[in-house]
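I opened a notebook page for this structure. The entries below follow the order in which I looked things up.

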Amino acid sequence: MALPVAEWRGRTARLWAALDPALRERLAAASLRDAVRLGCDLLRTEEEEEAALLHLCHQAPTDKKPEAASWYREQGNREFKRGQYRAALRLYSKAASHELPGSPEVSVCFANRSAALLHLGHFEVCLEDIARAESHGYPDRLLPKVLLRKAECLLCLGRLQDAQDILRVLESKIALDGVMTAHLTRLNKLSQLKVKLGEKERCPEPAGEARGGIQGEPEIWEENNGISGASSSVSLSFDAERGRHLVASQDIVAGQSLVKEEAFVSVLCPGESLALQGGDTTWDTGATNADLYCHRCLRQLLASVPCQGCSYAKYCSQDCADMAWQQYHRTECSLGALLLTLGVFCHVALRTVLLAGFAEVSRLVAWSHSGDKNLENPEASCKPLRGAPEAGAGSRGVPGCDSSGRYQSSYQALFHLLPHTEQHSPEHKFLCTLSVVAVCRQLQAAGLEAAVLNQESPQQWSKPKMCEKTSDELSPELKTVAEAMLRHVLQLQCNAQAITVMQELGPGDGAVVDKKPVRLATAFFPVLSLLNHSCCPNTSVSFSGTAATVRASQPISSGQEVLHCYGPHWCRMRVAERQQLLSQYFFECRCRACLEELESPVRSVVSIRNSFCCPKCQAQMQGEEDTLCCSNEACATSASRDHLSGRLQDLQQQIRKALDLLGVGKADQTIKMLLKCQMDAGTFLSPEHLLMGEMEDHLAQVYATLGKWQEAARHLKKSIEIVEMHHGPSSVETGHELFKLAQILFNGFAVSEALSTIQRAEGILSVHFGPQSAQIQELQEMKACLSELPRNILQRT
């Protein structure tokens, strides 16, 4: 959630409406500095509003609750006994995040989680959790159990000597215990392991060659001298109409990398709940982005390392946890509930200031006071660059460049991104102002001002802060912080970049893995922000952790502008809908797709393909009013748009119910229900409607779960036809569908067709994601496996 929760937005709206008109006028016209000063005065006198905000924070608690840890551990034990090891793994992680650091209970959580990891075959990570359990004081009486598990892991990893050493320690511990009957099961398991160990020593496994996909040619990459993280094939340009932008300085081929940039700052979005097994309880058993990804590097979590101070922040390793604490989390930790309540934009703004450091923040804020007009209107202080100059040429006058004329991914470049202060609505500015002031007041009340100003010694960082009441007046330094934060919150509306990831739908253990793009984090990428929008872009952006890579999705001629799509793609919606969505960026899109559609008297392709059809003759329904008429003059049937939209909503609900049946193993009923939905859809939807393709995709998924590969392939091919019509044959959407078809053909042993599909999917996905992406590697592994089959089998298929 980018903005604050609805309750806080409602309260600030009511407060704004109740203000004296003269004060509203002052706030609407105020500079960032004056807005913060007025916001401080208001929030200091409106104690009821501040109390209400703190009350809202109780709905998103991030403190540790040992009683919650106990409950999560019990739920994990229940799932473990049922053989649901993935669910148990996540529940044990939730339990560990609520346990107090250094307590014996947290060691039990790690030990329990190691058992789930062993069953899932993650032996290295299992060993890490066993080490964590031992370092947190795992009870000595239970130690034989984890030592046995450790030996089994080492054996599976082929570390025979280490396994032998652990078994000796284990034997000695059991021998010292007087009550041998308590260890009969472990002794039996120990003897079995010793037999396996002996067999491995006598018959060592051949080393073998490392498996894996055929590696493509390494990409030629020469970094730009004038733009950090950009290729030498692009250059920085500037004019009054388009502002800063990138142009091709040479001919660029499809798939070529143009920008490789690490986010200056990123904050994980809490995400939607992904339900796990378990009933209705006081605590949520669902897994969200916060449980599934590292809060610092965004790497997918398997066995998270919890923050020692809160239950919210989780990391992929102790190194990430320590780095996050040092850079920003020592300040954010006690504010977790407040930051969740005020939304991701507010959180990004605070973390941006913390990462930049107060010295740099105060320098740029002070500089902005003497040059506000130049900052808001960079064309006023910069001569337009003509044409497409060589990299770095003439760029000294471009806002955000350093003294040498280089544009870097830096706080200075980020600070120069336009906040569009004048164009935001006064109510929105008021909401943002009160929110950042509330954060700074809480920083002061919690005694965290010194940490924000980078004035604490490292020895003080790890000590928990006690809330201490300070003056109601915000310090001048924190007012500077609030002003910078307000600037960044306003900048984010136009410059925030969503970091997305392809997330698996369902348990992820099927032969065919279905994935969907999920917004994982919100970030600032100063160099990526140089790309202007087009509804028909010539680039594709992919992410690996906190790093973004921009690739050419089609050939780009020298001198042509490099363009990025901010969201509303011409394939997905009509021009009127796109323009409405783009209004948040404070510009009117004049890209080729928009101009062609606005000037053409013919209905857009998107409108036609996603249109309703006549219930009687199946011709297209047309009209912009509430009543639609059949395009077939001989039919002349009319229907209410609301009625047809209601039928569409009912149909979508029926499809969701069908997929719910699949989730509980009722595949046959799912097929019957989806086929019925198809028949119903055919009576009022265009055959090319995207929903028709989605239903074909769902049917393919069901048949794949039943192992009926030919049927699955038949339905998926129909889905691909519709996806190609909407998004194009070389689109990323088509690539994902072809990837699924390759999996189905591979599992169905349709060798020659699988190989040709793999080749096509590889060609499309490598353009959008590069040759090292996980999907490309999997396609190459499938191709290598099929290519190794005997020649007579290849000839028959």
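I started with cysteines, taking a disulfide as a pair of cysteine sulfur atoms within 2.5 Å. The model is predicted, so I noted that local features need pLDDT of at least 70, side-chain atom pairs count only at pLDDT 80 or more, and totals for chains, interfaces and linings use all residues. Residues are numbered from 1 along each chain as its sequence is written, and side-chain values use heavy atoms, with hydrogens and water left out.

How many disulfides does the structure hold? I found 0. Cys 156 is in none, and the nearest cysteine sulfur, that of Cys 153, lies 6.6 Å away.

Next I looked up accessibility, where buried means under 20% relative accessible area, exposed over 50%, and partly exposed in between (1.4 Å probe, protein chains only). Cys 156 is partly exposed because its relative accessibility is 42%. Cys 677 has 5% and therefore counts as buried.

Then I turned to backbone angles. Most residues other than glycine have a negative phi. Leu 298 has a positive phi, near 70°.

Last, I checked Asp 642, which is in helix H26 (residues 641-663). Asp 642 is exposed, with a relative accessible area of 61%.

Notes. Helices (H or I, at least four residues) and strands (E, at least two) are DSSP runs, numbered from the N terminus.
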